[in-house]
Amino acid sequence: MRPIRTTAAFLLALTLCMAMSACDTSDISTSMDEGTVSQTETQTEEAEENAQEDAKEETAEEAPIPDSGDASGQAHGERPDAPPDGNGKPSGTPPDGGGGPGTPPEGGGGPGGSSSADIDYTGAAEITSGEAQSGQTYDSSTADESALLISTSEEVTVTDPSVTKTGDSDGGDSCNFYGLNAAVLVKDGADVTITGGTVTSDADGANGVFCYGGNGGTNGASGDGTTLTIRDTVITTTGSGSGGIMTTGGGTTYAYDLDVTTSGQSSAPIRTDRGGGTVYVDGGTYTSNGLGSPAIYSTAEVHVANAALTSDLSEGVCIEGMNSIELTDCDLTADNTQCNGNATFHDTIMIYQSMSGDADSGTSSFTMTGGTLTSQSGHVFHVTNTNAVIDLCGVEIVNEDPENILLSVCADGWSGGRNIAAVHTAGQTLSGTIKVGDDAELTLDLTDGSAFEGTIDGDITNASGETVSTEVGTVAVSIDSTSTWTLTADTYITSFDGDAASIVSNGYTLYVGGTALTGTA
């Protein structure tokens, strides 16, 4: 069985390399790292590390970044044809992670936290050796007990289960980091395949299906090989701190065509926490209805393809620290109308560092290729207290907020890091206002027929109407010969690399370093 999986993973990796040629963001990311941004990134990481060390003296605690590219292993619109026994899984290396104080908007984690060694795991039903079960019912109404606990280093197959979990837990980080009270918990190096069935959780601290990789919540440490493959399963959670599929401790999760709905606070349908891991999702629908519950919360390496992602109250996705999310041919819709935790902005894609310990400081990465991104409230992208790289290729962006703010890079409710973003586009249409605070930096690269219609300024207010910035920060813009920028207001930037004819003035002026750019179209 193992050799088959290794061969399948190799073939998927080969397919990945071929698919990346359509929108090769890896080359763009490399060019960004050379020059100005790479220098500021080094300075930023040194500053953040010093801040973290100071914070750890008071309270210790947490997360990773993969290389860009289509790790889902398929060209646009195609889906990996993985056999139902779990062969054909994409290959991947779990990311790293690490910490300091703060409150994440998703609400998971925080300073302190127990050790998995301190937990007495129990399950109403337990599988401790390799076996196959089908059509079984698993039920628990006891606090801090899973309905189904799988703890073995052998292969386990569960088909058409009916899982029900009630019984609230006040285990806090033991639930968030290590899987206490989860409806289904997979651990101890298990290789588990779940097909079909239902998982229903109606309790606080009761994640639906939890894959714990055993690294003790140590960001950057390898897991014990725990691997979960789950397909065609309906997962519903209603309590707070109850995500749909949850991956921590260096675990690896492969999810295919799931139907996941969460309604509680801090209950992302695709959820990760301390210790990181690797998550691959292909197909399915993922819907969150709770506060602080984006459709995806990443303190890990997360790849999602061909999925429908909806957040009815919170951000669409959230990346904390040196971690990543890659979306390929997904439809993402978010209506973030309430702030949670320290957050003071409404936004759809939030990239930040809380210094809570749930994620290491470093470069945060968001990549989206194809699909649609619908932002119904607030800013489409928001970057704060971290160094973020955003790669976009052929995404249909729909901004329904009347202020039409495409991106904000500025201070928010966290400190200890810098506010730095690099946006790289290939064949991408952008429109709206980009906000760069007086303490922030932006690099914008438009390539391969990209078009931006909008302006860049530093006049920023948060969701409460408080003034955050009145002056624009450091902005470097690069445009290749196939791309254009159409101004919608007089705009002031720090540096410009490209042909002035690529700037469509539209009756306005672009000032570079305080001097009006001449020769614009």
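These legends walk you through a few views of a predicted model.

**View 1. The whole protein chain.**
Welcome to the overview, where the protein chain shows four helices and 42 strands. The chain has 521 residues, and 59% of them are buried. Its accessible surface comes to about 17,300 Å², and carbon and sulfur atoms account for 46% of that area.

**View 2**

**View 3. Where E41 meets E42.**
Here we look at strand E41, residues 510-512, which runs antiparallel to E42 and is joined to it by two bridges.

**View 4. Asn 462 in its loop.**
Asn 462 sits in the loop between strand E34 (460-461) and strand E35 (467-469). Is Asn 462 buried or exposed? Buried means under 20% relative accessible area, so Asn 462, at 10% relative accessibility, counts as buried.

**View 5. The partners of Asn 462.**
Take a look at what the side chain of Asn 462 reaches: the backbone nitrogen of Ser 464 lies 2.9 Å away. The side chains of Asn 462 and Glu 466 are also joined, by a polar contact of 3.0 Å. If you set aside neighbours within four places in sequence, Asn 462 is in contact with Thr 344, Phe 345 and Val 468.

Note on methods
Residues are numbered from 1 along each chain as its sequence is written. This is a predicted model: local features need pLDDT of at least 70, side-chain atom pairs count only at pLDDT 80 or more; totals for chains, interfaces and linings use all residues. Side-chain values use heavy atoms; hydrogens and water are left out. Buried means under 20% relative accessible area, exposed over 50%, partly exposed in between (1.4 Å probe, protein chains only). Accessible areas come from the Shrake-Rupley method with a 1.4 Å probe; for residues, only the protein chains shown count as cover. Two strands pair if DSSP finds at least two bridges between them. A polar contact is a pair of N or O atoms within 3.5 Å; within protein, one must be able to donate a hydrogen and the other to accept it, and residues adjacent in sequence count only if both atoms are side-chain atoms. Contact means heavy atoms within 4.5 Å.
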